[in-house]
Amino acid sequence: MPAPLTIHWLLERFASAPGRAAFASADGEVTYGRLLEMVEAHTATLEAQGGGAGEVVAVVGDFSPAGFAFLLALAGRGATAIPLTRHSVIEIAAALAVSG
C-alpha cells in the first residue's frame, strides 16, 4: 500500500524544485522555493503564537500565493482551516458555528 500523502510530503516536493514556477499571474511568478519560504514564515508565526493543532481557523483572504501558503501552514500545524473570500456568501461567525 502506498504511503498517504501529507502536507509534509507536499512541502518536500516544493523543496525538490525550488526554481520551478508554482504560481503565475499578471504580477509575475512565484517559485516553489519562495512558496516554501512563505509557508515556513507562517508556520513560525503560528508556533510563536501557539496556534495549530485542533484549532478551527476562518481564513478571510484570496487565492494568492501568500493565502495558499498560510493554508498550508495551518494544515501543517494540525489546524482546520475554513477558507473564505471577502465575497463569501456565509458570514465568518456562521462558518465557525457549523464547523464545530
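## A tour from the helix packing to the aromatic pairs

Start by selecting α2 and α3: they pack at an angle of about 50°, and their axes lie 8 Å apart. Keep in mind that this is a predicted model. Look along the crossing of α2 and α3: it is right-handed.

Now show side chains where α2 and α3 meet. On the α2 side, select Leu-35, Met-38, Val-39, His-42, Thr-43 and Leu-46. On the α3 side, select Pro-65, Ala-66, Phe-68, Ala-69, Phe-70, Leu-72, Ala-73 and Leu-74. These two sets of residues are in contact.

**The aromatic pairs**

Next, go to the aromatic rings. How many aromatic pairs does the structure hold? It holds 2. Select Phe-14 and Tyr-32 for one of them: the ring centres are 5.0 Å apart, the planes make an angle of 35°, and the pair is tilted. Colour by element and the link stands out: Phe-14 sits in helix α1 (residues 7-16), while Tyr-32 sits in helix α2 (residues 32-49). They are 18 residues apart in the chain.

Is Phe-14 buried or exposed? Phe-14 has 6% relative accessibility, so it counts as buried. Tyr-32 has 25%, so it counts as partly exposed.

Move on to Phe-23 and Phe-68. Their ring centres are 5.6 Å apart and their planes stand at 65°, so this pair is edge-to-face. The pair joins strand β1 (residues 21-25), which holds Phe-23, to helix α3 (residues 65-76), which holds Phe-68. The two residues are 45 apart in the chain. Phe-23 is partly exposed because its relative accessibility is 24%. Phe-68 is also partly exposed, at 31%. Phe-68 is one of the α3 residues that meet α2.

**The whole chain**

Zoom out and show the cartoon. The chain has 4 helices and 4 strands. Trace them from the N terminus: the order is α-β-β-α-β-α-β-α.

Colour by burial next. Of the 100 residues in the chain, 26% are buried.

Finish with contacts. Take those between residues at least 6 apart in sequence: 59% of them join residues at least 24 apart.

Definitions and conventions
Residues are numbered from 1 along each chain as its sequence is written. This is a predicted model: local features need pLDDT of at least 70, side-chain atom pairs count only at pLDDT 80 or more; totals for chains, interfaces and linings use all residues. Side-chain values use heavy atoms; hydrogens and water are left out. Rings of Phe, Tyr and Trp (its six-membered ring) pair if their centres lie within 6.5 Å; planes under 30 degrees apart count as stacked, over 60 as edge-to-face and the rest as tilted. Buried means under 20% relative accessible area, exposed over 50%, partly exposed in between (1.4 Å probe, protein chains only). Contact means heavy atoms within 4.5 Å. Axes are lines fitted to C-alpha atoms, for helices over the stretch in contact, and angles run from 0 to 180 degrees between N-to-C directions. A crossing is left-handed if the near helix is turned anticlockwise from the far one by less than a right angle, and right-handed if clockwise.
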